[in-house]
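Biologist: Please take me through this model one feature at a time, giving the general idea behind each feature before the particular case.

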Amino acid sequence: MVKKPQCCQNRRGAMSGVFVVLLPILFPTLFTPLSHASPLFSEWKAPKPRHLSLLRSALQRESSNGEQSDLWAPLEDQGWRPCFESVNAPSLPEKSQGYIQVFLDGGLNQQRMGICDAVAVAKILNATLVIPYLEVNPVWQDSSSFMDIFDVDHFIDVLKDDISIVKELPDEFYWSTREYYATAIRDTRVKTAPVHASANWYLENVLPVLQSYGVAAISPFSHRLSFDNLPRDIQQLRCKVNFKALAFVPHIRELGDALVSRLRYPHGDSEKHSTDFLQEITGVGDKQRAGKFVVLHLRFDKDMAAHSACDFGGGKAEKLALAKYRQAIWQGRVLNSQFTDEELRNQGRCPLTPEEIGLLLAALGFDNNTHLYLASHKVYGGEARISTLRELFPLMEEKKSLASSGERAHIKGKASLLAALDYYVSMHSDIFISASPGNMHNALVGHRTFENLKTIRPNMALLGQLFLNKNISWSAFQQAVVEGHQNRHGQLRLRKPKKSIYTYPAPDCMCHA
């Protein structure tokens, strides 16, 4: 066997070394950690439209002065009014039973519901509430505190006649911290609260802890108070917290107002991307009529896509990537995994893709002159996924397109603050629609119901069936969509047993005029 010269071996080794160094640069997605990986198809191998025939027809739809149509008309008065102010609730007790601490996990809107429940539990126990502690979300990795998101002074002032609230425990309870409860079993921690516990459960299990130690820390606390069989004043207090006491911090409201103004007056400020924080729009309202806009909440991140177990058209590579992610995060414990994609879509259990929500909006009558605000965090597939939606609605905007990097500096990389901004803009839109059910959808449906604002609720089962029909014509699709959403534009629905008061505020927190 002939031995190769040393120089040739060195040259080959050097070339191999260069290739190894360049490989992550040439193919970055192959070296991304699983927890933050882009899908294998990524932008350079974008999935093709799944409903090409419908898409072509939708792109050819005629433009019109859409803002004059019934679609944009505000909801008629439905005869219901907020009524939590009229209740003669029990006055604030002279002596508190002790201090209640709660530790809240989940995203912004799950934590929002937990805050409302915490106020209600403090009222039930005649206790003093410590401003709730917000856990770091394992998905978004946001460490924002209550005071980073909500106006704490406003919160305390609105509720001052209902319960006592303190920003932190007095010095004598300095030891009662999250770290203290994480290291051992503690007598002052209550960790056995059942989901949707009754008022009596708290009186029987938490009140004795308060009376013995002066403080009780409840963790976990998400969804730990029943929606049924509670006094009316407690139910209305929960709504008072949700719809009046929980206001975002001033810089979120100010930036939100700027975005809303730029959506309503899109040609009013040529310097909307100035590096000065919150460039003011002055005199615009006098020069042009305020325009209308829709907010689309697009929850289509990797967690949502993987947990749904649906097929989104990315081929074998996407299916494999989502299956691996599903196994890594939930160890395969996903109920939807036992069904086929067709079964899931027939049941309305698949989130709408950007392409599908775009087709829904087009079928409902929104044309390509519609000003659309995209409320979303990270879309699975990035711009490649959104491109079809942007093609249908070229005037679509988002936080990055409406605000400068300087304006967004306070919220960059903070998922809760980004969600708070989207929530604020959503509450000031003419129409709100969400691509899939979830905490953000539920919270805004309830809040906009409370304010009698138009909110379109996609008929997921109908849409799933329509999108499975690959031979359906645009006219048949459009007719089915319009007919299937006639009573889904924000018409008030009364809360049924076990349903959330935060999604269905009537009749508990609204009175029929």
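**Strands, helices and disulfides**

Modeller: In strand β11 (residues 431-434), I431 and I433 point one way while F432 and S434 point the other way, and all of them are buried. Helices (H or I, at least four residues) and strands (E, at least two) are DSSP runs numbered from the N terminus, and buried means under 20% relative accessible area, exposed over 50% and partly exposed in between, with a 1.4 Å probe and protein chains only. This is a predicted model, in which local features need pLDDT of at least 70 and side-chain atom pairs count only at pLDDT 80 or more, whereas totals for chains, interfaces and linings use all residues. Residues are numbered from 1 along each chain as its sequence is written, and side-chain values use heavy atoms, with hydrogens and water left out.

Biologist: Which strands pair with β11, and in what sense?

Modeller: Two strands pair if DSSP finds at least two bridges between them. Here β8 and β11 pair in the parallel sense over four bridges, with I431 as the bridge partner of V294. β11 also pairs with strand β12 (residues 455-456), again in the parallel sense and over two bridges, and there I456 in β12 is the bridge partner of I433.

Biologist: What unit do β11, helix α19 and β12 make?

Modeller: A crossover is right-handed if, with the strands pointing away from the viewer, the path from the first strand over the helix to the second runs clockwise. By that criterion β11, helix α19 (residues 439-450) and β12 make a right-handed β-α-β unit. β9, helix α16 (residues 383-392) and β10 likewise make a right-handed β-α-β unit.

Biologist: How many residues of helix α18 are buried?

Modeller: For length, the expected span of a helix is 1.5 Å times one less than its number of residues. Helix α18 (residues 415-427) has 13 residues and reaches 18 Å from its first C-alpha to its last, close to the 18 Å expected. Because 13 of the 13 residues of α18 are buried, this helix is largely enclosed by the rest of the structure.

Biologist: How many disulfides does a search of the whole structure find?

Modeller: A disulfide is a pair of cysteine sulfur atoms within 2.5 Å, and the search finds three. Numbering the bonded cysteines of the chain in sequence order, the pairing reads 1-6, 2-5, 3-4.

Biologist: Where does the disulfide of C83 and C511 lie in the chain?

Modeller: C83 is joined to C511, with an S to S distance of 2.1 Å, and the link is right-handed, with 90° about the S-S bond. The pair links distant parts of the chain, 428 residues apart, with C83 in the loop between β1 (80-82) and β2 (99-104) and C511 in strand β13 (residues 510-512). C83 is buried at a relative accessible area of 6%, whereas C511, at 28%, counts as partly exposed.

Biologist: Which way is the disulfide of C239 and C509 handed, and why?

Modeller: The sulfur atoms of C239 and C509 are 1.9 Å apart, and the torsion about their S-S bond is about 75°, so the disulfide is right-handed. This pair also links distant parts of the chain, 270 residues apart, from C239 in helix α9 (residues 232-245) to C509 in the loop between α21 (474-484) and β13.

Biologist: What is the mean pLDDT of the chain?

Modeller: pLDDT is the predictor's confidence in each residue, from 0 to 100. The mean for the chain is 86, and 84% of its residues reach 70 or more. Over residues 1-44, however, the pLDDT is below 50, and this stretch has 31 contacts (heavy atoms within 4.5 Å) beyond near neighbours in sequence. Where pLDDT is low, the predicted coordinates should not be read in detail.
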